[in-house]
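Dear colleague,

I am handing over the structure we spoke about, and below it you will find my notes on what came out of it. Please read them alongside the coordinates.

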Amino acid sequence: MTSQTRHYIDLADVLGLQFVCKGCGTSVDVRLEKLAQLPTNCPNCPRLWMAKPRGGDMQDRGADFHLLLTDFLARFQSIRAVMNSEVGPIRDFCLTLEIAGPNPIKVP
Ligand SMILES: [Zn+2]
């Protein structure tokens, strides 16, 4: 017999993001409500993580990503606010995200 355990989290359980620099390993935690404070570079080394868009210059992929991430987080918060609302038609189901569980214990 094969069994499988699946893991789900409620949208309300997502508190923030963590950015980890591939250059030096420094991490920066950002709460979801602090969208305006997304880091664009490592605070510890010269690595640029993503550029903020400048005056319509969308040729920079880093600027594209900054916009994409900001938009994603804003939409995520909007969805969560609607799901938590006491009014409106969206009350008869729960929405959760499936996540990977902890790695299984390896028996030597
Ligand atoms: Zn760094």
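Is Tyr8 buried or exposed, judged by the other C-beta atoms within 10 Å? Please bear in mind throughout that this is a predicted model. Tyr8 is exposed, because it has 11 other C-beta atoms within 10 Å, and a residue counts as exposed if that number is 12 or fewer.

Tyr8 lies in strand S1, which covers residues 7-10. Leaving aside its neighbours within four places in sequence, Tyr8 is in contact with Thr96, Leu97 and Glu98. The C-alpha atoms of Tyr8 and Ala100 are separated by 8.5 Å, although these two residues are 92 positions apart along the chain.

As to the overall layout, the protein has one helix and four strands, and from the N terminus on these elements run β-β-β-α-β. Of the 108 residues in the protein, 2% are buried. Among the contacts with a separation of 6 or more, 36% are between residues 24 or more positions apart.

The next part concerns strands S2 and S3. They run antiparallel and are joined by five bridges, one of which pairs Gln18 with Asp29 in S3. Six residues stand between the two strands of this hairpin, and in it Gly25 takes a positive phi near 85°. Strand S3, residues 27-31, lies largely in the open, because the number of buried residues among its five is zero.

Leu17 belongs to strand S2, which spans residues 16-20. Leu17 is partly exposed, because 15 other C-beta atoms lie within 10 Å, a count that falls between the limit of 12 or fewer for exposed and that of 20 or more for buried.

Finally, I would draw your attention to Cys45, which has its place in the loop between S3 and helix H1 (61-84). Cys45 is exposed, because it has 11 other C-beta atoms within 10 Å. Not counting residues up to four places away in sequence, Cys45 touches Cys21, Gly23 and Cys24. For Cys45 and Cys21, which are 24 residues apart along the chain, the C-alpha atoms are separated by 8.7 Å.

With best wishes

How values were computed
Residues are numbered from 1 along each chain as its sequence is written. This is a predicted model: local features need pLDDT of at least 70, side-chain atom pairs count only at pLDDT 80 or more; totals for chains, interfaces and linings use all residues. Two residues are in contact if their C-beta atoms, placed from the backbone, lie within 7 Å. Two strands pair if DSSP finds at least two bridges between them.
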